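The stops below are given in the order in which to select them.

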Amino acid sequence: RTVLGEAAPGAHLSALTTTSLVALREYLDGEALYRRSDFTGAIAAYERAVEADSTFALAYYRLGWAHGWAGEDTPKPFSELALHYVDRLPSREASLVRAYYLWLHGPIPRGLDLVRGIVQKWPDDGEGWYLLGEYHRHFGGPLLCRQGEDDRAFAQAVALDPDFAPYHHHYIERAFLDADSALAAARLADYSRAAAGEPFD
């Protein structure tokens, strides 16, 4: 098990709207595991968090992401649960939950506008930049985005929090898609420092 403080670098503690200390501990344990791309371990921790507090919107939000990366389940039900309790969240976190929900439902211009607003309002937060990269990566064509915008957004997320391993995934893929072996090697090395020993690594 991870220790409570280990997740602190990526956690906005003021936003963790739960009155359950058990749920809080499990969520922070999940964040520490998610940061390393240990999605199976993170899922178990987030599930314990929502067992302790069934209204814990951020735990549902992250459960959606973790299940999506692990390929074990559709993330949509968890996104819907997060959205159901979104009014309990501060502005930044509520915006992320809404933008993620829209992202899961296809190339919706309103979702891209929302996440662009997130990075404008909170430019020093990697989560928003990462989600912007996801919009460009998956829906760049239908949403008429400029080529390379995904890589620029992922680069910003990685620069802001280089130890948050999931930020690196598509960033590495882009180097392979561009057939740039030197860049791919460098990005893989950076990722390995954040996720050493995990299956994704």
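**Stop 1: an Asp–Arg pair**

Select Asp-178 and Arg-174: their side chains meet in a salt bridge, with N to O at 3.6 Å. A salt bridge here is a side-chain nitrogen of Lys or Arg within 4 Å of a carboxyl oxygen of Asp or Glu. Asp-178 is partly exposed, with a relative accessible area of 46%. Buried means under 20% relative accessible area, exposed over 50%, and partly exposed in between, using a 1.4 Å probe and protein chains only.

This is a predicted model, in which local features need pLDDT of at least 70 and side-chain atom pairs count only at pLDDT 80 or more, while totals for chains, interfaces and linings use all residues. Residues are numbered from 1 along each chain as its sequence is written, and side-chain values use heavy atoms, with hydrogens and water left out.

**Stop 2: helix 1 to helix 2**

The structure holds 16 salt bridges. For another of them, select Glu-26 and Arg-48, whose side chains meet at 2.8 Å, N to O. Glu-26 is in helix 1 (residues 21-35) and Arg-48 in helix 2 (residues 39-52), so the pair links distant parts of the chain, 22 residues apart. Helices are DSSP runs of H or I with at least four residues, numbered from the N terminus. Glu-26 is buried at 5% relative accessible area, whereas Arg-48 is partly exposed at 29%.

**Stop 3: helix 8 to helix 10**

Next select Asp-151 and Arg-187, a salt bridge whose closest N and O atoms are 2.9 Å apart. Asp-151 lies in helix 8 (residues 149-160) and Arg-187 in helix 10 (residues 181-195), so the pair ties together parts 36 residues apart in sequence. Both Asp-151 and Arg-187 are buried.

**Stop 4: helix 7 against helix 8**

Contact means heavy atoms within 4.5 Å; residues making it include Trp-129 and Tyr-130 of helix 7 and Phe-154 and Leu-160 of helix 8.

**Stop 5: a loop proline**

Finish at Pro-90, in the loop between helix 4 (76-84) and helix 5 (91-104). Pro-90 is partly exposed, at 30% relative accessible area.

Conventions
Helices (H or I, at least four residues) and strands (E, at least two) are DSSP runs, numbered from the N terminus.
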